[in-house]
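Please open the model in your viewer and keep the selection tool at hand.

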Amino acid sequence: MALSVLDLFSVGIGPSSSHTVGPMRAAKRFADGLKRDGVLTGVVRIEAQLFGSLGATGRGHGSDKAVVLGLQGQDPETVDTATADDQVAAAALDAQLMLGGRHRVDFNYEKDVVLHRRKSLPAHPNGMTFRALDHAGAAVRERTYYSVGGGFVVDEEAVGADRVVMDETVLPHPFSTADELLAICAREGMSISEVMISNELVWHSEEELRAKLLNIWAVMQACVANGCAAEGILPGGLRVTRRAPGLFRTLQAPEDASDPLRAMEWVNLFALAVNEENAAGGRIVTAPTNGAAGIIPAVLHYYMKFVPGANDDGVVKFLLTAAAIGMLFKLNASISGAEVGCQGEVGSACSMAAGALCELLGGTPVQAENAAEIGIEHNLGLTCDPVGGLVQIPCIERNAIASVKAINAARLALHGDGSQKVSLDKAIKTMRETGADMMSKYKETSRGGLAVNVIEC
């Protein structure tokens with residue numbers, strides 16, 4: 001089974017890949033299925049029910065709005081982020097949905113989109129069920145989907161708590177563990193990014209792949225620029241002030257040669273800008289999730305701004321190496337905060353960025369694997385406890401801290417020969433087991449940790 005770098009990095013909308021992007025994709029898939037099978041015109045009403053973590057924190061993450069947009073045929077990659085809220089408000093006010101973008105049905109926002117705060121579906125914490133009803137109130141179709149992290153969506157026929165839909169493409173260099181990946185690198189004399197390019201060529205030409213990855217980078221750059229320019233208070237009720245614009249103005253002043261940590265300030269800025277845009281529902285790249293979307297862009301911006309000789313070729317290699325590491329987390333543990341806590345989101349992204357930067361700085365595959373291991377090892381046990389169910393506190397600052405940690409991990413690994421007591425595979429296994437042991441209140445439910453100890457204002 002095969003995963004592509006473009007599965008790990010996709011363009012979407014904030015504030016959450018699992019709670020916003022995933023539900024929108026699931027709802028669109030349901031509506032598209034009705035159109036495809038010729039039963040759309042017999043539908044007069046739609047019901048959507050969200051369970052588990054989606055039900056507990058869905059309001060703060062915009063899951064309900066995402067479902068409405070998806071049912072109306074909108075896609076996370078192309079939906080107009082400036083008018084998304086207005087589109088949802090119009091559907092609620094008119095009491096009508098344009099199902100699949102073409103068929104008008106009755107719609108009662110309060111009754112037809114239900115968030116179950118204390119009910120869960122069996123296969124995953126992020127479950128949702130859609131029902132299409134006819135004139136007699138009978139179900140034309142009912143489907144259950146699970147948003148399993150990073151915007152990935154699987155249906156009710158998927159088996160296993162960590163399942164993901166992948167195609168059956170035969171790759172020239174398949175791997176499912178870090179040990180297998182390192183063995184390929186050693187046998188073929190390849191870097192991690194070169195192994196990835198070889199695999200990706202079964203889907204795209206090298207020119208197409210490069211163009212797609214540089215488009216991902218362009219979206220990341222635009223996100224940083226937008227975050228540096230947008231002033232004001234983030235939505236949601238916590239009244240969190242955007243800090244990136246102020247920090248950007250400060251850093252525009254002449255460089256202080258006596259400050260040895262000036263680069264760290266820039267890294268903080270890059271991460272804050274992305275995650276403030278994400279919290280505001282802006283255009284974002286899942287990397288590998290929205291909650292951790294600031295880390296890879298911040299480290300890539302660090303590379304471009306502070307590493308001599310940095311260029312677009314390096315950006316492509318970075319994204320490929322980062323994706324290889326992200327696949328290991330996706331296949332062997334989870335990138336869903338609702339499943340394993342924030343270690344699966346910020347921890348995975350930190351590991352991905354650390355390994356990728358290490359390769360660009362001249363590290364061997366073994367050193368890059370060591371950097372990735374350092375990145376996740378020091379995020380093990382990280383809980384997901386968003387205050388008010390919003391991806392703001394502690395999520396925004398957490399991305400900044402993890403971005404600096406990723407750079408440190410890469411540089412630390414370069415000083416070693418790659419030999420280590422703890423392998424990346426063992427660290428990933430530990431992350432999965434730690435997530436299984438973690439109490440559910442610390443896994444994106446806002447029922448534990450900072451979420452209950454910080455007074456919402």
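In this predicted model, begin by selecting helix 15 (residues 346-360) and helix 17 (residues 395-414), whose axes come within 8 Å and cross at roughly 40 degrees. The crossing of helix 15 with helix 17 is right-handed. To display the contact, show V346, C350, A353, A354, L357 and C358 on helix 15, and R398, N399, A402, K405, A406, I407, A409, A410, A413 and L414 on helix 17. Coloured by residue class, this contact between helix 15 and helix 17 comprises 13 nonpolar residues, one polar residue and two charged residues.

Next, select T321, which belongs to helix 13 (residues 312-332). Is T321 buried or exposed? T321 is buried, because its relative accessibility is 0%. Beyond its neighbours within four places in sequence, T321 is in contact with I192, S193, G355, A356 and E359.

For the pair L272 and A400, draw a distance between the C-alpha atoms: the separation is 6.2 Å in space, against 128 residues in sequence.

The cysteines form the next stop. How many disulfides are there? The count is zero. C185 is buried, because its relative accessibility is 4%. C223 likewise takes part in no disulfide, and the nearest cysteine sulfur, that of C228, lies 9.6 Å away. With a relative accessible area of 3%, C223 is also buried.

Now turn to the backbone, starting with the peptide bonds. Select G14 and P15, which are joined by a cis peptide bond with omega of about 10 degrees. P15 is situated in the loop between strand 1 (10-13) and helix 2 (17-36). A cis peptide bond also runs from A287 to P288, where omega is near -5 degrees. P288 sits in the loop between strand 9 (283-286) and helix 12 (295-306).

Two selections concern the phi angle. R239, a residue other than glycine, has a positive phi near 55 degrees. Look for R239 in the loop between helix 9 (206-229) and helix 10 (244-251). R239 is exposed, because its relative accessible area is 58%. S446 is not a glycine either, and its phi is positive at about 60 degrees. The loop between helix 18 (424-437) and helix 19 (450-453) contains S446. Is S446 buried or exposed? At 17% relative accessibility, S446 counts as buried.

Finally, zoom out and colour by domain. Where do the domain bounds fall? Domain 1 covers 17-158, and domain 2 covers 178-442. Between the C-alpha centres of domain 1 and domain 2 the distance is 30 Å. Across the boundary, 18 residues of domain 1 are in contact with 15 residues of domain 2.

Conventions: Residues numbered from 1 in each chain as written. Predicted model: local features only at pLDDT ≥ 70, side-chain atom pairs only at ≥ 80, totals over all residues. Heavy atoms only, no water. Axes fitted to C-alpha atoms, helices over the stretch in contact; angles between N-to-C directions. Helix = DSSP H or I, 4+ residues; strand = E, 2+ residues; numbered from the N terminus. Left-handed = near helix turned anticlockwise from the far one by under 90°. Contact = heavy atoms within 4.5 Å. Nonpolar A, V, L, I, M, F, W, Y, C, P; charged D, E, K, R; others polar. Disulfide = S-S within 2.5 Å. Buried < 20%, exposed > 50% of the residue type's maximum accessible area, 1.4 Å probe, protein only. Domains from an automatic or database assignment.
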